Amino acid sequence: MEKTLKKEKLNSLITGLKDKGYKTIAPKKDNNLITLCEIQEADEIHFDHVQTNNSIKEYFLPKTEKILSYTIEKTKVSIEEPEGFAVKSVVFGSRPCDAASLPIMDKVFNWDCTDKFWIERREAITIVTIACDKCDSYCFCTSVCLAPDAKQGSDVLLTKISDDEYLVETETEKGEGLIKELETVFSEPPSGTPDRQVATVEKKFEIDKVKPWLDENFVHKIWAEFSTKCIGCGACTFVCPTCHCFDIVDECTMSKGDRVKNWDGCQFKMFTLHTSGHNPRSTQDQRWRQRIMHKFKYYVEKFDNILCVGCGRCSRVCPADMNISEMLEIISTDEGQPEPVSKE
Amino acid sequence: MAEETKFEPRIVAFLCNWCTYAGADLAGTGRNQYQANVRVIKLPCTGGIDPLFLIKAFERGADGILVSGCHPGDCHYNSGNYHARRRWNVFRPLLEFCGINPERIQFSWVSAAEGGKWVETINGVVDTVRALGPFEGYQKINAVGSDASGEAATSGDTG
Amino acid sequence: MSKKIGVFVCHCGTNISATVDVEKVAEETKKNNPRVAYTTTYKYMCSDPGQKLLRDKIKEEGLTGVVVAACSPKMHEHTFRNAAVKTGLNPYHVEISNIREQCSWVHPDIPTGTDKSIDLVRMMTEKTRKDKSLTAIKVPVTKRALVIGGGIAGIQAALDIADGGQEVVMVEREASIGGHMAQLSETFPTLDCSQCIMTPKMVEAAQHDNITMYTWSEIESITGYLGNFDVKIRKKARSVDLDLCTGCSSCWQVCPCKKIKSEFDMGIGNRTAIYIPFPQAIPSKPVIDRENCILFKDARKKNIKPNDSKVCRKCIDACPIAPVKAIDYNQEDEIVDVKIGAIIVATGFRELEDGLYGEYGGGKYEDVITGLQFERLASASGPTEGKIKRPSDGKEPEIVVFIQCVGSRDPAKGCSYCSKTCCMYTAKHTMLYKHKVHDGHAFVFYIDIRCAGKSYEEFSQRAIEEEGATYLRGRVSRVYKKGEKLIVLGADTLTGSVVEIEADMVVLASAMKAQDDAEQFAQKLSIQYDKDKFFSEMHPKLKPVESSSAGIFLAGTCQGPKDIPETVAQAGAAASKVLALLSSDELEREPVVARVDRQLPPVFSTCIGCFYCQKVCPYSAIESEDIKARDGSVIKTVARVNEGLCQGCGLCAATCRSKSVELEGFNDEQIYAEINALEFN
Amino acid sequence: MIEALRKKAEELLKNKTVDVVYGYGEGSVPERTRPVFITKPEDVNKLTWNKYCVYNLTTYLKKQESRKLGKPAIVVKGCDAKTITVLIKESQIKREDIYIIGVTCTGIGDPPATKCKACDVNTPLIYDELIGEKIGNKEFSFEERYAELDEYEKLSEQEKWDFWQKQFEKCIKCYACSSICPLCFCDRCIVDKNQPQWIDPSAHPRGNLSWNVTRAYHLAGRCINCEECQRVCPADIPLNLLNKKLAKETEKNFKYRSGYNVDDELAMATYKEDDNQDFIK
Amino acid sequence: MDNIYTPYLMNISDVTDEAPGVRTFRLNFQNEDEGKNFKFQAGQFALYSAFGYGESTFCIASSPTRKDYVECTFRQAGRVTNALSELNAGDTIGFRGPYGNVFPIEEWEGKNLVFVAGGIALPPLRSVIWNCLDLRDKYKNITIVYGAKTVADLVYKNELKEWTARDDVNLVTTVDPGGETPDWTGKVGFVPTVVEETAPDSKDTIAIVCGPPIMIKFTLPVLEKLGFKQDKVYTTLENRMKCGLGKCGRCNIGCTYICKEGPVFTAEEISKMPDEF
């Protein structure tokens, strides 16, 4: 289905969503950040940005989430299942790269068994994406087989066609349903070919060359060379829309507690630390390798998808300016023989 | 809120073994009555109290905290209370800066001989905190996780 | 270990049960607290049947933890822990919940008291869940005592210990033992000659088989702890070989430097550069005063070895010892290491510096002297051979004014405390003066006369009534010189008049002060000192001779002003404490000590070695330890707690940011469990 | 200056005075630099110096990966140099084990960093070699130094609580703040101690409050105000306000400023008998 | 939709102290229906929760042939295992599983079996040993080589006695030099050496090895020397896990997720994994 949305109708759209019982999540300016967060009014929505600082991930895999709670009475334990975590919502104005991360991650959360916290939220939330009309030097969606107007994962894709008008394309039944629910807000599609205002994202590396290199170079000095400056924080993994590693911990008082699923990251040394003190990934180069391997080799082998959408957030926030596309560029252009370095 | 129930502040007292704990014992020996809102945790010395203990006490629902030990110069361990005093000198303003009323964490020197001062101090703390009311700020964040999903916890809802 | 906790709620007659529903406490505890396997109540838990109940139930129920809800742990924690030990349960699995002093006795309302008791018991059962077995720390004891200071306190203590059969090492920084008491002429209140009672003790100490004496020596460092001190003694270069020297006096008789002010004589007599401090010195062997000896001055100037100087070699030439002379100009300081089990500090006092009271002419007029200087004047072996002569012209003074409380009880200028001995020695001085100068007249300015002591009051009354000293109550405002006379301006507050006395000599009863280096010395020993730098006793009443550090005891005036009998008594007391300590081969200590986390490789310890713990530890109990690889290279430097020194305050644990130090008995898990059990939410 | 810097680095590497130079290199974009580790004299041209050299490179002194490269020379601005003083005081490094290349600095960042407003260390207080013209260090009053706190201290209790709750709510517990901090050098951070778990690891408001308060408290009397925690925070939490508040209290109460004098006793490891106790009853 | 993170609630019906810090729980389902429907196979693992402290991963130590209960044996090491060790019979624990792959015991039918275990690694093998013993006639010779640091550290002491008494099992026990007691009748020496001495025939034989990394490292060459092919040697791996379901992202060695593709691997499979143990 194709429609257009005039900017002046935004108010009606947001009010309409509210009336239909949707929670609306949209980019909003908060001091120095552009944050995807719940909004009440259309005025709150921020448009003129490359990328939101937080990714769409947290609406499907929150940074902290209760997966069960329990009460302890003497020797007995009773478990209570969390409810109401999947709230009917619309994410409005996220970027195509963010949306594209969702079907990629569906695969792991459905692997053999289904993580209901992910899936139920996926069902409850409709994604209305706005194609990028600008980008910055960190963006590299085009290098990972996506585009500033990629449709993957979006239920509805908006593309700017003039200063006050968006082309509305529905990609899924859910999207279609949403548009139908709020039919009056949208206009009929323009005749002729609309002028899609889409950013041009420079292609930085040949993705096809990455995996073959990784297949050969588990041991390579570049891992250490590139990661000496890494400080081992979790900023890159936490802002990443496709990083989905998590921790499960109990937090409790004497008589009641919660089991909580929290974001965790492969760059932390604690991530793989055994209680014995042994750590299979004890140094930062091993951890950096894991991050690259997971995204561009392991996930590809397991799920036939690159675990990266080229949003560039990790490189923007990295406290030490580790730039992932730079790493991939090096990898994809490395013609030399593998240079094994002896392991300590 | 539907009806007013009488608010009874919940106070935790971290006491040093040698002075204030003994002072509180003395108040008992003298049958000096005081308000029953306090739960005492005994440590060898105020110097052994990590600010983490206080944070955890708030997390477990305390409306107010009392830290009490030996008078300056009387520390059983020579200088424990002096070091403790330094700690509180920075920790207290930090909490205040974060919006925690400093009256919710009180400090006193009560010697083993000051049963009367103990009674006075603890009644003072209870009354002060009663006047401040429940520590709603912390109660709200303590509830997070136990009855709301993480997502709701991060929403800006200030209720 | 699986935890099976038993909770025993005591009625304490009706002391608890009158205001706390003990049955309900037991019931609720049983119902709600995880790991609580058994609860009961009993009339008197501390009674024999009560303790038996505890023991029986530990065995029958297989309890691995016990909470007794009863009176303050200060009352019966020990009792119940001991009872548990008899069943084989480690005593540190027994905790007391104080529901009497801090509950039933202070909260009259039954529901309130009951609820609070339930909470307190819950907190304690949770703590008990985390209790660990601890074993008493055994520390071997080195059977040797160190006595620092060779005055009357040190000598007495050393003799008492040596007579008790233990070895003693005695360190005196002067060239002879004897201290201030050796300087005194006669002693109150009996006026017996100080030398006569002191010298035999000095000789006895010097000759005692169990006493090793180091004079002209100082403590370089003390490390270790109760039972196991490592002491380094610096034997300062004496320039005289004590083994060779016979003390024949040839050397000091020929010494050309004769105008050096004698320290022993408080500057009113002279000595040579190679000298013995006083004729009865022990050891009776000289020392060269390198500051003043012209040979050493020359060597310093030319920057040559002393023995290479040719300026004056009279003493060595005069030394009859052959073939090797007993004098060795090139002698150097020597460090002696000794292992010590217990220490007595008897470093004494110093007299208030006389310059401090300029308005009294102290330090300004030669004839304004201090109490100790007067002692030397009055001493038969002193520079005047016991004749009272003015230092300025050697004339016999006809009028002497004694001013009491110079420095004492004067917080503005001197010290706030009373020096305690001045009233008595001033009375004594007036008597000595009258005995020697029959026509003389003694005036005494005093604030109060404090003569509490056996025969003391009578003694001072005798000075006034029989010896005719004139006592004036009031302060002296000024002493100034007028011709040969010293004009003393003072007030007689009893008559309200201003008094002006033309005196020939003024004697200041100067305050007793802590030694100049007391502070540094205390730090060297890790003992506490008070605002006046006197060393602090562990407890002012119950532990008056113990210092704040275990195994270090105090004797004499280093702890505060006192007179000879008191000093001797304290020295004896300290000696008996030391003897008791040295009588066992091993000491047992409560295992409530801190521990720095140790883990398997590759972690070794979570300690990062910032040593904040070391800096805050009041007992210097934190050491640094290098964790080394097999090849000896240092992997990590971390903190380690010396169990022997640790007193269990927990300062280190609270200071450690990574919580790598924990206090046994009050460890993190235990405190967390208590807080977690508040159940306020 | 860049030339002098490169020359010095080259000389140090050639002479084997050091094995590695921690310095600044060109970053992803012109407005960024990044830490570089130069081990070969021929690579010194990778070193640069400009107003975007925000990093406090001393943080790499705590990291095993960079320490493995051998004895370092480290490029420090005046603010960063203060870290070294603290690290020495806290037994983390020995002065002789590092070579300090101090650079004079008139301010970094665009817009300029807050810390530069009242900078009194344009010329580092400690260095082996100074690059750049020596600048007379200015002096600022107590009030000037902590001026940025004024507007927050003025807030009411409720406003303060709300402000910080809003800030902490954003925290995602990525630990960039503590990872970048050169003084957060514990092997095992307290937040990673789980027996017991004093600080809830979750990024909910409770866990975030205790984490952020504890992080700041653990820097009391230590933080040298390099503002790195604040710079790297992906959630834009003004973390340095907390550090600064503690610095202010430390100076007010104990007359102590961290990183200025290697002979000062560490504020939180000592005490004075007459320390403030107005608040103690 | 089911919550994959919700554990079964189980009662601890029996507690056995095996060795210092090592303990076995026998667990029964609190909900009988859950118990009836519960199935697992030897080699699988589970996540056990101490409520209030979290979950910890270890293998199921009982045999699938014993259907009334599940047993697990663990060593006190971290937060969860310490908390578990505080529990008594009658207490509740959480159980999430079974997870992971299994020992292909059907493939082994008609073959000789050699089990080699060291220290606390006998529990993972105990499940499969009993499984095979309960189906004794399907297998030929069964040899068990088990070693520990000291006599006290040997786990399942009663079962060791039982196996010794059986004539259809060849049990060889050993302790490290210095770990023996005066009345110790087993061997003294390290496991790899004892395996070499025991020299089981590799023909038609499957070897199942489990133990600390160092033991595995030295045992595999011994087996190779004895003629065991890499694909006839099985072992189980462990890594830190949080979900057990292939989602939390930390237990992988290279591309292999221990929780899903493991924990049972052949030596051949392991030799192909990158060096990230």
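This is a predicted model: local features need pLDDT of at least 70, side-chain atom pairs count only at pLDDT 80 or more; totals for chains, interfaces and linings use all residues.
Reader: Let me start with the chains. Which two chains share the most contacts?

Author: Chains B and C do, out of nine pairs of chains in contact. In that pair, 35 residues of chain B meet 36 residues of chain C. Helix 1 (20-29) of chain B is one of the elements that supply at least two residues to the side touching chain C, and helix 1 gives the most, with six residues. By class, that side of chain B has 16 nonpolar, twelve polar and seven charged residues.

Reader: How do you know that chain B and chain E do not touch?

Author: A contact needs two C-beta atoms, placed from the backbone, within 7 Å. For chain B and chain E there is no such contact, and their nearest C-alpha atoms are 13 Å apart.

Reader: What makes helix 18 of chain C "mostly covered"?

Author: Helix 18 spans residues 668-676 of chain C, and eight of its nine residues are buried. A residue counts as buried if 20 or more other C-beta atoms lie within 10 Å of its own. Among those that pass are C:Ile671, C:Tyr672, C:Ala673 and C:Ile675, together with C:Asp668 and C:Glu674.

Reader: What covers the buried residues of helix 18 of chain C?

Author: The cover includes parts of two chains: strand 2 and helix 2 of chain B, along with helix 5 (110-129) and strand 36 (661-663) of chain C. Strand 2 (38-43) and helix 2 (51-59) of chain B also each supply at least two residues to the side of chain B that touches chain C.

Reader: Why is helix 6 of chain D called roughly perpendicular to helix 8 of chain D?

Author: Their axes are 9 Å apart and the packing angle is about 100°. Angles from 65 to 115 degrees count as roughly perpendicular, so helix 6 of chain D is roughly perpendicular to helix 8 of chain D. D:Gln165, D:Phe168 and D:Glu169 make the contact from helix 6, while helix 8 brings D:Pro205, D:Asn208, D:Leu209 and D:Asn212.

Reader: How do you know whether E:Ala199 is buried or exposed?

Author: Apply the cut-off of 12 or fewer again. E:Ala199 has 11 other C-beta atoms within 10 Å, so E:Ala199 is exposed. E:Ala199 is in the loop between helix 5 (191-198) and strand 11 (205-210) of chain E, and its phi is near 40°, a positive value in a residue other than glycine.

Reader: What does C:Ile344 touch?

Author: Leaving aside residues up to four places away in sequence, C:Ile344 touches C:Ala145, C:Val147, C:Ile148, C:Ala157, C:Phe553, C:Ala555, C:Ala574 and C:Val578. C:Ile344 is one of the residues that touch the most other members of the largest nonpolar core, which has 544 residues. In soluble globular proteins, nonpolar side chains tend to be buried together.

Reader: Last one: which domains does chain E have, and how do they meet?

Author: The domain assignment gives domain 1 (8-99) and domain 2 (112-236). Their C-alpha centres are 24 Å apart, and the contact takes 15 residues from domain 1 of chain E and 15 residues from domain 2 of chain E. Strand 1 (8-19) and strand 5 (70-75) each supply at least two residues to the domain 1 side.

Note on methods. Residues are numbered from 1 along each chain as its sequence is written. Chains are lettered from A and ligands numbered from 1 in the order in which they are written. A nonpolar core is a set of buried Ala, Val, Leu, Ile, Met, Phe, Trp, Tyr and Cys residues joined through C-beta atoms within 7 Å. Helices (H or I, at least four residues) and strands (E, at least two) are DSSP runs, numbered from the N terminus. Ala, Val, Leu, Ile, Met, Phe, Trp, Tyr, Cys and Pro count as nonpolar, Asp, Glu, Lys and Arg as charged, and the others, Gly among them, as polar. Axes are lines fitted to C-alpha atoms, for helices over the stretch in contact, and angles run from 0 to 180 degrees between N-to-C directions. Angles under 35 degrees count as roughly parallel, over 145 as roughly antiparallel, 65 to 115 as roughly perpendicular and the rest as oblique. Domain bounds come from an automatic or database domain assignment.
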